[in-house]
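User: Hi! I have a chain open on my screen and would like to talk through its fold with you. Could you help me read it?

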Amino acid sequence: MKKVVVKLDLHDDKAKQKAMRAVSTLPGIDQIAMDMKEKKLTVVGDIDPVDVVGKLRKQWHTEILTVGPAKEPEKKKEEPKKDEPKKDDAKKDPVADLVAAYKNYNPCYTTHYYVTSAEENPNGCVIC
């Protein structure tokens, strides 16, 4: 996880939207924030800063201010309870997780498919 802060030469909200849209097409982005008063764009995620600047330099003057690790919220350490047995949730099939995520993402494409052949359809176009 990296946090990249870039200074952009933007003048209005329309340019802000275009800049955020251009950066959002990059894979691995978790969060995008724009400060119009200071004209700073903050991008957090598994990204390459060169790719971010490359996308933005096509339309605006761009300067990299900082590149560093993203600050993760501090987690409170809790002692595991010894009375409860541990469940083996980590041993789930990763393919099943991907299939479930795909079904949630594209529900209309995960239904059954109906395939017909040229032999079943007498009006089908066949060159003999």
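Analyst: Happy to! A residue counts as buried when its relative accessible area is under 20%. Bear in mind that this is a predicted model. With that cut-off, the buried share of the chain's 128 residues comes to 20%.

User: Which elements give two or more residues to the largest nonpolar core?

Analyst: That core has 16 residues, and Val6, Leu8, Leu41 and Trp60 are among those with the most contacts inside it. Its contributors of two or more residues are strand S1 (2-8), helix H1 (13-24), strand S3 (40-45) and helix H2 (49-56).

User: Which residues does Val52 contact, leaving aside neighbours within four places in sequence?

Analyst: Val52 is also one of the core residues with the most contacts inside the core. Beyond its sequence neighbours, Val52 is in contact with Val6, Val23, Leu26, Val43 and Ile47.

User: Is Ala33 buried, partly exposed or exposed?

Analyst: Ala33 sits in strand S2 (residues 29-35). Buried would need under 20% and exposed over 50%. Because its relative accessibility is 33%, Ala33 counts as partly exposed.

User: And how far apart in space are Ala33 and Val43, C-alpha to C-alpha?

Analyst: In sequence, Ala33 and Val43 are 10 residues apart. In space, their C-alpha to C-alpha separation is 6.6 Å.

Definitions and conventions:
Residues are numbered from 1 along each chain as its sequence is written. This is a predicted model: local features need pLDDT of at least 70, side-chain atom pairs count only at pLDDT 80 or more; totals for chains, interfaces and linings use all residues. Side-chain values use heavy atoms; hydrogens and water are left out. Buried means under 20% relative accessible area, exposed over 50%, partly exposed in between (1.4 Å probe, protein chains only). A nonpolar core is a set of buried Ala, Val, Leu, Ile, Met, Phe, Trp, Tyr and Cys residues joined through side-chain atoms within 4.5 Å. Helices (H or I, at least four residues) and strands (E, at least two) are DSSP runs, numbered from the N terminus. Contact means heavy atoms within 4.5 Å.
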